[in-house]
Amino acid sequence: MKNKTGIIITIIFLLDISCLIIFGKSYTKLTLFPPFFYIHDLALLLLSIFGIWYAKKENRVKSVEVLFFLAILYLIISFFRIDFNFHKSILTIRQFMLFGYGIYLYIIMNVLFSIEVIEKNIIKWIIYFSMTSIVVQMIYIFYLFTFYSSTVFFDRNYFSPIIVMGFFVTASYILSQTSNIRIKHLFFLMLFLVSFSIGHDSVYLSLGLIYFTYLFIISKKKHRIRLALTLFVIIIIIFIFLPSFTDVNAQWRFVFWKDSLIKIANNYFIFGEGFGIPYASTETVEKLNGLFPDTKYSPLIRGEDIYLTAPHNSFLSMVIHIGIPSLILLIYPIKSLFHNKTLIMDKEILFLSLSLLGIVVFSCFNVILELPHSSSIFWIIFFSLIFKLSEKSESSSSKRKF
């Protein structure tokens with residue numbers, strides 16, 4: 001019975017991910033019961049409810065559970081603060097989903113890892129997701145190039161938001177799993193060129209950091225200093241000579257981040273402001289709006305946007321809501337990556353680590369974990385890495401004892 005339920009959950013979950021790739025925002029904005037029951041959110045909610053009964057106790061991650069408990073506690077306090085106003089409650093829940101999607105995926109991934117055949121093949125499925133994303137994007141590029149005269153590259157032409165995450169996962173797969181060195185670097189270069197169709201500078205930055213991190217990990221100690229210095233120089237050159245890192249979009253982020261850091265400092269870094277709060281002060285909103293002309297596509301913050309427009313850094317958003325402890329609790333389960341070279345050199349662990357790195361870097365410049373369009377893959381990679389680390393660590397301990 002447990003395996004059958006797990007397989008059903010797996011099939012529905014895979015269908016959900018497929019819809020995110022193929023239909024993107026059209027799928028996540030589709031309401032089953034208007035006006036609030038979005039089909040994607042409802043699917044994750046139902047999978048989580050059924051999954052609770054079949055989750056494996058051995059796969060529990062205490063620090064993550066404490067993180068989610070804190071988020072739920074702040075949510076309850078936030079409801080009391082707004083006197084359970086219906087409209088304000090909707091905005092409060094939308095902000096809470098920064099953690100809510102993580103809670104859903106924690107339960108679902110726990111169920112998937114409790115079934116042996118799924119646990120053994122989870123890496124393959126993640127790779128299939130990434131390959132599907134690249135294939136769909138390439139078909140889309142071909143379509144644009146064939147039927148439209150608009151620029152295909154260096155413009156926002158990604159087919160769906162989650163496909164962007166597929167580039168980081170595919171790059172990590174190429175570097176960690178391809179044995180032939182020439183083919184490895186050739187494929188990565190080809191992927192990097194295709195990524196220009198995404199039109200996000202933070203995508204190129206994320207892919208570059210994945211590449212340098214891979215080289216750093218596999219290199220001997222005497223070469224690591226050179227690599228670190230080379231990366232440092234390249235980053236300086238990028239910020240000096242590439243206008244997109246100092247243009248009005250970058251200025252917009254810096255103004256928003258400064259306001260967010262002041263807000264965090266006012267809460268002594270430890271406490272958060274809960275949910276249902278304005279993301280920026282009135283003064284900061286005026287500065288942000290002043291950076292752009294009042295046109296149809298300008299990212300102006302008006303009315304309720306002050307509750308919905310996050311500071312384009314998902315981890316900064318976490319700290320705003322529930323304080324610095326949120327990041328500490330999030331990082332704690334993967335701490336072994338930073339001091340255990342045996343683990344990081346494992347192909348599966350290296351693949352998941354590089355994939356997570358790319359998504360984390362991209363999330364530091366964009367609204368990713370707050371939204372349903374792309375947050376799922378972050379949590380899938382994150383929990384897969386945690387569970388695989390636990391599995392590999394136990395296996396390594398058993399061998400040493402033997």
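In the predicted model, helix H3 (residues 39-52) and helix H5 approach each other with their axes within 9 Å and cross at roughly 50°, where axes are lines fitted to C-alpha atoms, for helices over the stretch in contact, and angles run from 0 to 180 degrees between N-to-C directions. H3 is therefore oblique to H5, given that angles under 35 degrees count as roughly parallel, over 145 as roughly antiparallel, 65 to 115 as roughly perpendicular and the rest as oblique. The crossing of H3 past H5 is left-handed, a term that applies if the near helix is turned anticlockwise from the far one by less than a right angle, right-handed being the term if clockwise. On the H3 side the contact (heavy atoms within 4.5 Å) involves His40, Asp41, Leu44, Leu45, Leu47, Ser48, Gly51 and Ile52, and on the H5 side Tyr101, Tyr104, Leu105, Ile107, Ile108 and Val111. Helices are DSSP runs (H or I, at least four residues), numbered from the N terminus.

This is a predicted model, in which local features need pLDDT of at least 70 and side-chain atom pairs count only at pLDDT 80 or more, while totals for chains, interfaces and linings use all residues. Residues are numbered from 1 along each chain as its sequence is written, and side-chain values use heavy atoms, with hydrogens and water left out.

H5 (residues 86-113) also packs against helix H6 (residues 116-147), the axes coming within 7 Å and crossing at roughly 115°, and the two helices are therefore roughly perpendicular to each other. Here Met109, Leu112 and Phe113 of H5 meet Ile118, Glu119 and Ile122 of H6.

Helix H7 (residues 161-177) and H9 pack at an angle of about 20°, with their axes 10 Å apart, which makes H7 roughly parallel to H9. H7 passes H9 in a right-handed crossing, and the contact joins Val164, Phe167, Phe168, Ala171, Ser172, Leu175 and Ser176 of H7 to Val203, Ser206, Leu207, Ile210, Tyr211 and Tyr214 of H9.

H17 supplies the largest share of the lining, 5 residues.
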